[in-house]
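Please read it alongside the structure.

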Amino acid sequence: MSSAVGPARGPGPWALWATVVTGFGTLVASITLAMAGDELVRPGLQALLFNWITVPYLISGTLAWWRRPASRLGPLMITTGFVMALTALQWSTVPALFAIGHLLDLAPAAMFVHVFLAYPTGRVEGRLRRVVVVSAYATAVVLQLAKILLGLDPDSPFAVAAQPAIASRIEQVELITMSALLLTAAVLLLVRRPAGGRARRRPVALLVDTFGLALVMLAVLYIAGLRGWQHVETVRHVAFAALGLAPVAFLLGLLNARLARTDVGALLVELREHPTSDLREPLARALHDPSLTLAYWLPQYGSWADGEGHPVALPGSGEGRATRVIQRDHEPLVALEFDRSLEDEHELLDAIAAVAGIALENSRLQAELRARLHELQGSRARIVEAGQTERKRLERNLHDGAQQRLVALALELGLIASKPADDAETKARLVRAKREVTASLDELRDVARGIHPAVLTGHGLVVALESLAAQAALPVELEVAVGGRLPEHIEVAAYYVVSESLTNIGKHAHASSAVVRVVRSADQVVVEVVDDGIGGADTEHGSGLRGLADRVEAIGGRLRIWSPAGGGTRLEAEIPCE
């Protein structure tokens, strides 16, 4: 299950060349035997169909042995090809060679069953499959040997008794049994479908269907021979053609897996240009395996889960599936569950695992960055909210405490000063004290209003903005269309945008007039302040404007300023308001 297991060591060059040379020799020998004999009908066609089976098996087996040395399927296919080639000895006129070929007559059928049921690892998994394979070998060897020993062919050097009737009966049982085993193997192949409605890899589906067709046609051939059908030779030709398709389909599967490696680079480019949190689709395309699934490791639960968070179990042996676990810092990260036919493509799987690891790491970093960004935005909003709460508290304390005491003191001084007094100097001092208290009270009210506008809390944004326009240092045209009260944090932000803007205009813009517009749409409030001053406002060097931008951005809004030199200034704040 882990990716730590490396590929097995492949065959040496001498073994591959020996297989190729021997295979070429069997090709020449079979053609020679077919053309030299006088018992075959259309010997050229017979030799062609015969080699249509043996040559592809030898080629496919050799390539599989070379590309997938860990799998037993390659050597098994090579052996099947050579055993099939030995059955051509039945075309020989030499009794001993004919006897050997006759003895191996049904052995290829058993080996076909073995190869097809052992795909893709070369190991037969499952009790029923093993029973079918062992029974096929027993039928092809034991019953074949029994009928030869009992003299089905009296001229055979292996015949030890002259019981042709019993031998003929054994042959019937042999053909019926082998046909039943072939059909059973075909059923086992065709019913093995991926669980959960997953589609097979296209080459695998084609290969399995070809396996099943070959087994069915071979069974039909034996039944046709047993029943003495008139067109048995035609059935033989069709069966041989179907048997030869299987290794060809296997070669296509090898080529498909080879081509999948070229898609790894494209996968890396795709994930770099279009990052995605769902890796299943791009990885499935790169592996040419639509049945690919991903399972994510949840360390807090100690279990695997799919992309929706539902618990899943990694497949065990015998389910036609394989798993590659991608780790980071010696901890499981994600498991790729794929068709077992890809299990021996170590280079492809290593490349896919590396790309998936990079993509998953990038996704993790992006998720961490987003989480930190959300936390930063939340902290900015909390800071603004805490500052606003503190402003309201200070304004309330000033209004209810010092301001009220100063008002009371001013009234008391006024009453004292209004009474007749013998000392004119004392009366003058009282008047001056009242004047100072009144001035201090006005300043204190300005401070309180700057800390938090009480009029905003009490009467709303429209009245608060009218108060600002009335107190501004220049004429202000005010347009407000908000349709009632807004959430407090939005009213406060809009108020301070207008307040700070009018203050800056009065101090720096040298403007003759200003326009303030506040409009609410479906999902935001737009505050616009325009003046006809000298322009040149800079948000980066002005603490007031920078503070406004921070306040607006802290609640998810955006502040923009257009201030060309000599062309006035236009400030626009967009504040979310759902």
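Five strands make up an open sheet in the order 3-2-1-5-4, and their pairing is antiparallel. Its edges are strand 3 (311-312) and strand 4 (321-328), each pairing on one side only. Two strands pair if DSSP finds at least two bridges between them. Helices (H or I, at least four residues) and strands (E, at least two) are DSSP runs, numbered from the N terminus.

The model is predicted: local features need pLDDT of at least 70, side-chain atom pairs count only at pLDDT 80 or more, and totals for chains, interfaces and linings use all residues. Residues are numbered from 1 along each chain as its sequence is written, and side-chain values use heavy atoms, leaving out hydrogens and water.

Strand 9 and strand 10 form a hairpin, with six residues between them. In the turn, glycine 566 has a positive phi of about 80 degrees.

Now the helices. The axes of helix 5 (residues 107-118) and helix 6 (residues 127-149) come within 8 Å and cross at roughly 165 degrees. Helix 5 is therefore roughly antiparallel to helix 6 (angles over 145 degrees count as such). Axes are lines fitted to C-alpha atoms over the stretch in contact, and angles run from 0 to 180 degrees between N-to-C directions.

Which residues make the contact? Helix 5 supplies Ala107, Ala110, Met111, Val113, His114 and Leu117. Helix 6 supplies Arg129, Val132, Val133, Ala136, Tyr137 and Ala140. Contact means heavy atoms within 4.5 Å. By class, the contact has 10 nonpolar, one polar and one charged residues (Ala, Val, Leu, Ile, Met, Phe, Trp, Tyr, Cys and Pro are nonpolar, Asp, Glu, Lys and Arg charged, the others polar).

Helix 10 (residues 280-287) has the buried residues Pro282, Leu283, Ala284, Ala286 and Leu287. Buried means under 20% relative accessible area, with a 1.4 Å probe and protein chains only. Histidine 288 follows helix 10, with a positive phi near 55 degrees.

Overall, the protein has 17 helices and 10 strands. Of its 578 residues, 41% are buried. Among contacts with a separation of 6 or more, 65% join residues 24 or more positions apart.

Terms used
Parallel < 35°, antiparallel > 145°, perpendicular 65-115°, else oblique. Buried < 20%, exposed > 50% of the residue type's maximum accessible area, 1.4 Å probe, protein only.
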